[in-house]
Amino acid sequence: MIYEMIRFRTDVLGVPALSRLLKARFSDTLNPVAGSLTGVWRTEIGELGTLLLLRSFSCQDALLKARHRTLESRTPFGIKMNDVLIEAEAFEGFPFLKPPEFGECGGLYEIRTYSLKAGGLEPTLKAWQSALKPAQAYTRHLITNMFALDGASRICHIWGDYTKVHLTYA
């Protein structure tokens with residue numbers, strides 16, 4: 001599965017309006033170019049005034065078509081606000097994890113990003129795959145784990161409330 005993590009930055013007071021706008025934009029399930037909404041979070045700690053949106057695509061071509069549409073639009077995602085900065089990153093899900101499903105997984109989430117050394121992806125994938133089953137009690141609140149397809153070499157994983165999420169792997 002291919003993912004795009006989009007970071008929307010605005011002033012703190014603009015977050016509710018931006019959140020409503022994005023919810024309306026991605027509630028249109030008949031729009032395949034938009035990708036599938038996988039998760040939406042707003043920051044309460046760290047970069048205030050930030051909304052993170054994770055959407056998924058079946059392949060990189062679909063992601064690229066969506067990105068082109070965003071780049072060509074004067075109002076990307078229906079946003080007409082001049083004070084919104086949009087940044088996007090592309091990821092691929094760890095191949096042994098099932099894709100996450102959109103839904104409530106508690107009120108607090110943790111999104112962690114780790115840089116990888118050159119050539120570090122393969123050993124990282126192997127280590128995660130071998131560690132999942134023995135650590136299932138601890139990792140059951142892992143929502144997804146993915147590696148970057150652009151920018152610096154890195155992985156990103158998203159954790160939910162451990163009482164609401166159950167890890168699934170292939």
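Which residues are linked in a network of salt bridges? They are Glu4, Arg7, Arg9, Glu47, Arg55, Arg67, Glu87, Glu89, Asp150 and Arg154; select them together to begin. A salt bridge here is a side-chain nitrogen of Lys or Arg within 4 Å of a carboxyl oxygen of Asp or Glu.

This is a predicted model, in which local features need pLDDT of at least 70 and side-chain atom pairs count only at pLDDT 80 or more, while totals for chains, interfaces and linings use all residues. Residues are numbered from 1 along each chain as its sequence is written, and side-chain values use heavy atoms, with hydrogens and water left out.

**The sheet**

Colour the strands next. Helices (H or I, at least four residues) and strands (E, at least two) are DSSP runs, numbered from the N terminus. Two strands pair if DSSP finds at least two bridges between them. Seven strands form an open sheet in the order β2-β3-β1-β4-β6-β7-β5, with antiparallel pairing. At its edges are β2 (36-42) and β5 (110-115), each of which pairs on one side only. From one strand to the next, the twist averages 30°, with axes taken as lines fitted to C-alpha atoms (for helices over the stretch in contact) and angles running from 0 to 180 degrees between N-to-C directions.

Now select β1, residues 2-9. Seven of its eight residues are buried, so this strand is largely enclosed by the rest of the structure. Buried means under 20% relative accessible area, exposed over 50%, and partly exposed in between (1.4 Å probe, protein chains only). Eight bridges join β1 to the antiparallel strand β3 (residues 50-57); here, Phe8 has Leu51 as its bridge partner. Another set of eight bridges joins β1 to β4 (residues 85-93), also antiparallel, and Ile2 stands opposite Glu92 there. Moving on to β6, three bridges join it to β4 in antiparallel fashion, with Ala148 in β6 as the bridge partner of Phe91.

**Aromatic pairs**

Show the rings of Phe, Tyr and Trp (its six-membered ring): they pair if their centres lie within 6.5 Å, and planes under 30 degrees apart count as stacked, over 60 as edge-to-face and the rest as tilted. The structure holds four aromatic pairs. Phe8 and Phe77 make one that is edge-to-face, at 5.4 Å centre to centre and 85° between the planes. Phe8 lies in β1 and Phe77 in the loop between α2 and β4, so the pair ties together parts that are 69 residues apart in sequence. Phe8 is buried, with a relative accessible area of 0%, and Phe77 is buried at 6%. Then select Phe94, Phe96, Trp128 and Phe147, which form one aromatic cluster.

**Individual salt bridges**

How many salt bridges does the structure hold? There are twelve. Start with Arg67 and Asp150, whose closest N and O atoms are 3.3 Å apart. This pair links distant parts of the chain, 83 residues apart: Arg67 is in helix α2 (residues 60-72), and Asp150 is in the loop between β6 (142-148) and β7 (154-159). Asp150 counts as partly exposed because its relative accessibility is 24%.

Go next to Glu110 and Arg112, whose side chains meet in a salt bridge of 2.8 Å, N to O. Glu110 is partly exposed at 37% relative accessibility, and Arg112 is partly exposed with a relative accessible area of 24%.

Finish at Glu44 and Arg42, where the closest N and O atoms of the salt bridge are 2.9 Å apart. Are these two residues buried or exposed? Both Glu44 and Arg42 are exposed.
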